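Me: I have a protein chain open on my screen and would like to learn how to read it. Please take me through some features one at a time.

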Amino acid sequence: LDVSMDMCSFFSTCLVCLWQYRLYVYCAVAFGISIWIIIQFSTSKAQKKFVPQDKLVNGCATLQRKEVYVAGVKIFYGSQTGTAKVGRFGRALAEAVLSLHVPVEVISMGDCDPDDCLLEETTSKNICVFLVATYTAGQPTESAAWFCRWLEEAAHDFRFGKAYLKGLRYAVFGLGNSAYVDHYNTVGRNLDRWLWMLSASRIMTRAEGDCNVAQSKHGSIEADFEAWKAKFLSRLQALCRGEKKPCSGKCKKGKCRSPGRQSRESSDHEHGASQCENTEAEELFESSSEEEADAEEAGGASSVLDVEDLGNIMRHMKEAKRERELEEGDVGMSSTQENSGRKEEGGKREMITPALREALTKQGYKLIGSHSGVKLCRWTKSMLRGRGGCYKHTFYGIESHRCMEATPSLACANKCVFCWRHHTNPVGTEWQWKMDQPEMILQEAIENHQNMIKQFKGVSGVQAARFDEAMTAKHCALSLVGEPIMYPEINRFVRLLHQHSISTFLVTNAQFPDEIRNLEPVTQLYVSVDASTKESLKRIDRPLFKDFWQRFLDSLKALSEKQQRTVYRLTLVKAWNVDELKAYADLISLGKPDFIEVKGVTYCGKSSASNLTMANVPWHEEVVHFVQELANLIPDYEIACEHEHSNCLLIAHRKFKINGEWFTWINYERFQELVQAREQSGGSQNFTAADYIARTPHWALFGSRERGFDPLDVRYQRKNKVRDISGC
């Protein structure tokens with residue numbers, strides 16, 4: 001008992017002491033923890049400082065793998081059948097890159113789809129090297145032909161956007177022969193420029209190898225390549241270390257970029273470095289194109305201006321002036337003197353002036369005669385590769401790979417705010433130009449269309465069976481640009497299409513009611529109904545006619561008199577025309593169309609011709625909501641089909657719903673039979689829309705799991721894909 005009492009007394013004394021001196025205890029514990037933290041920090045820092053040599057990759061420690069600046073190198077080459085020099089250079093470069101312990105891949109341009117592979121490189125941290133030769137007459141080699149053509153069209157197609165390839169880092173080595181002065185290294189120079197226009201970043205200056213030993217800077221094209229390869233490997237090592245190369249003071253003409261522009265480009269070290277490479281053994285790419293002039297102007301008024309840049313600014317001002325002339329429709333006046341010899345006897349001038357021809361050709365048009373054109377739709381390309389068709393395939397059963405998009409009149413009577421062509425086409429209220437014959441227009445349209453299809457031969461992913469089918473056009477979408485119904489011989493042109501067993505989908509902007517009444521039967525006649533009130537129509541379509549609203553209403557009345565298939569085409573522009581449901585319902589009762597297509601507006605990029613932005617593009621859910629609200633106001637109609645990836649829905653008249661099944665598709669063979677019978681009867685034997693209907697498949701219906709995508713095709717989703725702005 002005494003022992004237990006002593007123990008209790010001892011513990012009580014200890015506790016009292018701890019409580020009395022608790023401050024000292026806390027300080028001791030804190031000091032101990034601090035010492036432990038310092039020891040741990042010092043140990044880990046020492047471990048980081050020592051990295052064995054065999055653990056280094058690209059000059060960087062594996063412990064810092066998250067700081068890898070170059071994931072690998074991809075070498076794209078284009079060679080001609082029977083020649084192996086370009087491919088040999090590619091393999092030699094690959095071996096040199098591998099010696100630096102950098103992953104490398106050598107790819108023939110003929111074996112890859114540029115639409116897929118280039119976009120993937122915008123986020124891959126790879127370096128892309130392009131080895132391209134210039135062949136006969138300045139053209140690319142066989143395997144590089146499609147790659148280069150796609151890149152050219154993308155660079156000049158505003159639907160891709162100027163930043164389409166932003167993030168892609170590249171270098172170009174061109175092969176050519178300076179004996180051919182006019183075409184020396186044309187392909188390499190163009191490829192470099194097109195990549196730059198799409199915001200890809202050069203890691204170094206483009207270099208050019210010369211087969212002409214007398215002019216080669218190093219005595220042979222092989223020596224030119226070796227000199228460039230050494231510079232490339234040095235630059236690659238610097239990039240692997242994350243270095244931003246400073247200006248060497250050896251820019252073109254001994255002048256560096258102005259401080260203002262250098263500061264703007266400091267965030268993109270590859271772009272800055274490309275302007276400052278040592279040019280002793282290679283010629284610097286000249287920054288004098290109109291696109292680069294645009295970039296200089298974008299820097300703002302506060303930028304410091306070099307004397308050499310004044311030429312670019314003046315060039316840009318001239319281009320801007322010409323764009324204004326195109327938008328005003330007066331471009332022909334500015335070139336009257338040079339076109340004075342091109343007028344026909346009646347004094348009428350050609351619709352396509354030189355400036356207009358240049359602008360439209362850059363956008364990928366194949367111009368025909370003096371007022372017509374044809375262009376390959378992106379959905380044609382998509383269906384050739386088994387990646388799905390356009391909304392007309394879903395709604396009406398057309399074969400998108402066999403559809404020719406054309407127009408017999410580039411001129412239009414409206415200047416719509418959402419115009420895909422940014423108003424580069426002429427405008428007018430009546431036909432006032434020289435007129436080409438419809439036979440010539442159709443023949444050249446088919447030839448141009450076939451030539452564009454031929455370019456897909458051998459392209460990666462193109463299905464052979466569909467390629468063969470595509471060589472024979474089965475449908476013609478007369479909706480490319482302009483107002484086709486303005487063409488005085490539109491009826492002859494339509495008859496010729498039908499004689500070639502080509503169905504016709506004609507679109508008009510509802511400003512020519514008499515022409516609509518006089519139009520002979522087409523497979524399907526569209527009227528664009530972009531607004532439902534006089535005020536909103538004036539604001540959105542910006543028509544040239546002073547009596548535009550009466551013409552609009554008369555056009556809808558004329559449409560109601562047609563016996564063949566008729567369609568209202570509604571384009572929804574958020575904050576512009578999505579709140580006019582009752583007025584739209586009234587217009588539908590006036591024109592009594594068979595179908596109503598409702599589609600979200602397609603954003604066409606920034607333009608002085610329009611102030612629309614992506615904020616004006618409705619989401620698909622918003623389009624669906626609008627269509628459901630509209631369908632509730634028109635009792636004779638129901639929602640029939642949906643094409644989600646075009647942001648489009650179809651409302652159909654209930655007469656096309658037979659025994660609970662929709663018949664929105666078209667029997668094209670039956671239509672051709674009916675047209676021929678009418679022709680043979682001299683027009684007395686007529687027919688109606690109900691005579692050439694076909695059942696709509698389940699996958700095309702609204703509410704189906706496929707959302708309008710044909711299950712026979714494979715939907716392709718790009719990595720890091722931005723929202724699609726290139727609708728049909």
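Reading the chain

Reply: Begin with the contacts: among those in the protein chain between residues at least 6 apart in sequence, 77% join residues at least 24 apart. Keep in mind that this is a predicted model.

Me: How many helices and strands does the protein chain have?

Reply: Its secondary structure comes to 25 helices and 22 strands. The chain has 728 residues, and 53% of them count as buried.

Me: What is the order of the strands in the open sheet of 10 strands?

Reply: First the general idea. Strands of a sheet pair through backbone hydrogen bonds, either parallel or antiparallel. Here the order is β9-β10-β11-β12-β13-β14-β15-β16-β18-β17, and the pairing is mixed. At the edges are β9 (366-368) and β17 (637-643), each of which pairs on one side only. On average, neighbouring strands of this sheet are turned by 25° against each other, direction ignored.

Me: Which helix packs on the sheet, touching β9?

Reply: That is helix α17 (residues 438-454), which also touches β10 (372-375) and β11 (403-407). The direction of α17 makes about 165° with that of β9.

Me: In which sense do β14 and β15 pair, parallel or antiparallel?

Reply: Strand β14 (residues 524-528) and strand β15 (residues 565-572) pair in the parallel sense, over 5 bridges. To find the pairing on screen, look for L525, which stands opposite T566 in β15.

Me: And in which sense do β16 and β18 pair?

Reply: Strand β16 (residues 595-600) and β18 are antiparallel, with 5 bridges. In this pair V598 stands opposite L649 in β18. Strand β18 also pairs with β17 in the antiparallel sense, over 6 bridges. There the bridge partner of E642 is L649 in β18.

Me: How many residues lie between β17 and β18 in their hairpin?

Reply: There are 4 residues between them, and N647 in the turn has a positive phi of about 55°.

Me: Is strand β18 mostly covered or mostly uncovered?

Reply: Strand β18 (residues 648-653) is mostly covered, with 5 of its 6 residues buried.

Me: Where is G176, and which residues does G176 touch?

Reply: G176 is in strand β6 (residues 169-176). Leaving aside residues up to four places away in sequence, G176 touches Y184, N185, G209, D210 and C211. The C-alpha atoms of G176 and E208 are separated by 7.4 Å, although these residues are 32 apart along the chain. A residue counts as buried under 20% relative accessible area. G176 has 5%, so it is buried.

Me: At what angle do helices α5 and α6 pack?

Reply: Helix α5 (residues 145-156) and helix α6 (residues 186-197) pack at about 40°, and their axes are 9 Å apart. That angle makes α5 oblique to α6. The crossing of α5 past α6 is left-handed.

Me: Which residues of α5 and α6 meet?

Reply: From α5 come F147, C148, L151, E152, A155 and H156; from α6 come V187, L191, R193, W194, L195 and M197. The residues of this contact divide into 9 nonpolar, 1 polar and 2 charged.

Note on methods
Residues numbered from 1 in each chain as written. Predicted model: local features only at pLDDT ≥ 70, side-chain atom pairs only at ≥ 80, totals over all residues. Heavy atoms only, no water. Axes fitted to C-alpha atoms, helices over the stretch in contact; angles between N-to-C directions. Helix = DSSP H or I, 4+ residues; strand = E, 2+ residues; numbered from the N terminus. Parallel < 35°, antiparallel > 145°, perpendicular 65-115°, else oblique. Left-handed = near helix turned anticlockwise from the far one by under 90°. Contact = heavy atoms within 4.5 Å. Nonpolar A, V, L, I, M, F, W, Y, C, P; charged D, E, K, R; others polar. Buried < 20%, exposed > 50% of the residue type's maximum accessible area, 1.4 Å probe, protein only. Pairing = 2+ DSSP bridges.
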